[in-house]
Amino acid sequence: MAKQSREHLVNVSLQLFHQYGFHATGIDKILAESGVAKNTLYRHFRSKDELILAGLRKHDENFRNWLMREVDRYESPIERLFAVFDMYEQWSRSPVFFGCIFINASAEFSDPYSPIHALCAEHKRLVKIYLRDLAIAADVVDPDNLAVQWMILLDGATTSTQVTNNSLAFQQAKAVAKNLLEPINVIA
């Protein structure tokens with residue numbers, strides 16, 4: 001039962017943090033929405049920051065696992081590389097899209113030494129490693145550089161979609177990505 005209440009707290013708080021922000025979501029709101037008593041919350045988490053970290057870890061794992069599972073459905077390595085843009089677009093069309101929770105959290109916790117900011121940076125690093133691995137599988141000449149470029153395009157399209165409601169942002173980013181991947185960049 002304790003594990004279920006901890007998981008429930010993480011799920012509810014994660015949804016609230018994502019929708020309303022970390023600083024704007026107070027403990028009282030989390031308790032009201034979760035139906036969990038304050039002593040139960042503090043039995044599982046010593047502070048709101050610990051709860052935020054638990055939620056971000058869960059979201060990181062869920063998001064990256066989902067992305068890899070969906071991208072792996074494509075046949076060729078080059079299709080997988082470009083499918084990332086389609087998966088991000090699919091994610092942006094979900095009713096629970098409020099932008100990238102890691103970008104949002106790092107903005108609210110801007111101190112680079114903050115554990116929350118560090119976890120956000122780690123998420124981005126892990127996605128970039130995944131993109132590099134996709135680029136290696138597609139025989140891209142400079143997979144590290146391509147992974148950085150893809151991250152910039154994905155994060156930019158995510159922010160454009162969130163801030164300006166640009167429904168074409170990921171397809172536009174994908175078109176730019178295709179231009180970046182000229183024949184000279186691929187070993188074939």
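Among contacts between residues at least 6 apart in sequence, 65% join residues at least 24 apart. What you have open is a predicted model, in which local features need pLDDT of at least 70, side-chain atom pairs count only at pLDDT 80 or more, and totals for chains, interfaces and linings use all residues. Residues are numbered from 1 along each chain as its sequence is written, and side-chain values use heavy atoms, with hydrogens and water left out.

**The overall view**

Switch to a cartoon and colour by secondary structure. You will find nine helices and zero strands, taken from DSSP runs (H or I of at least four residues for helices, E of at least two for strands) and numbered from the N terminus. Along the sequence the pattern reads α-α-α-α-α-α-α-α-α. The C-alpha trace spans about 60 × 30 × 30 Å along its principal axes. If you colour by accessibility, 46% of the 188 residues count as buried; buried is under 20% relative accessible area, exposed is over 50%, and partly exposed lies in between, with a 1.4 Å probe and protein chains only.

**Stop one: Leu-9 and Ser-34**

Select Leu-9 in helix α1. Its relative accessible area is 0%, so Leu-9 counts as buried. Show what surrounds this residue: beyond its neighbours within four places in sequence, Leu-9 is in contact with Ile-30, Ser-34, Val-36, Thr-40, Leu-41, His-44, Phe-45 and Leu-51. For a sense of scale, draw a C-alpha to C-alpha distance from Leu-9 to Ile-78: these two are 69 residues apart in sequence and 40 Å apart in space.

Now move to Ser-34, one of those contacts of Leu-9. Ser-34 belongs to helix α2 and is buried because its relative accessibility is 9%. Leaving aside neighbours within four places in sequence, Ser-34 touches His-8, Leu-9 and Val-12. Which backbone atoms does the side chain of Ser-34 meet? It reaches the backbone oxygen of Leu-31 at 3.4 Å, and one of its polar atoms lies 3.2 Å from the backbone nitrogen of Val-36. For polar contacts the cut-off is a pair of N or O atoms within 3.5 Å; within protein, one must be able to donate a hydrogen and the other to accept it, and residues adjacent in sequence count only if both atoms are side-chain atoms.

**Stop two: the nonpolar core**

In soluble globular proteins, nonpolar side chains tend to be buried together. A nonpolar core here is a set of buried Ala, Val, Leu, Ile, Met, Phe, Trp, Tyr and Cys residues joined through side-chain atoms within 4.5 Å. The largest one has 58 residues, and those with the most contacts inside it are Leu-56, Leu-67, Leu-81, Tyr-88, Leu-131 and Trp-150. Helices α1 (2–20), α2 (27–34), α4, α5 (77–92), α6 (101–108), α7 (115–137), α8 (143–164) and α9 (169–180) each supply at least two of its residues. Which helix gives the most to this core? That is α4, with nine residues.

Centre the view on Tyr-88. Apart from neighbours within four places in sequence, Tyr-88 is in contact with Phe-63, Leu-67, Val-127, Leu-154, Thr-158 and Phe-170.

While α4 is on screen, pick Glu-70, which is found in that helix. Glu-70 is buried because its relative accessible area is 13%. The C-alpha atoms of Glu-70 and Met-87, 17 residues apart along the chain, are separated by 7.2 Å.

**Stop three: the rings**

Display the aromatic side chains. The whole structure has ten aromatic pairs, where rings of Phe, Tyr and Trp (its six-membered ring) pair if their centres lie within 6.5 Å; planes under 30 degrees apart count as stacked, over 60 as edge-to-face and the rest as tilted. Why is the pair of Phe-63 and Trp-66 called tilted? Their planes meet at 45 degrees, with ring centres 5.7 Å apart, so the pair falls in that class. Both residues lie in helix α4 (residues 48–71), three residues apart, about one turn of the helix, and both are buried. Ring pairs join Phe-63, Trp-66, Tyr-88, Trp-91, Phe-97 and Phe-170 into a cluster.

Next, select Phe-82 and Lys-178. The charged end of Lys-178 sits over the ring of Phe-82, 5.9 Å from its centre; this requires NZ of Lys or CZ of Arg within 6 Å of the ring centre and within 35 degrees of the ring normal.

**Last stop: the cysteines**

Finish with Cys-100 and Cys-120. The structure holds zero disulfides, a disulfide being a pair of cysteine sulfur atoms within 2.5 Å. For Cys-100, the nearest cysteine sulfur is that of Cys-120, 7.7 Å away. Cys-100 is buried at 6% relative accessibility, and Cys-120 is buried at 3%.

Notes. Contact = heavy atoms within 4.5 Å.
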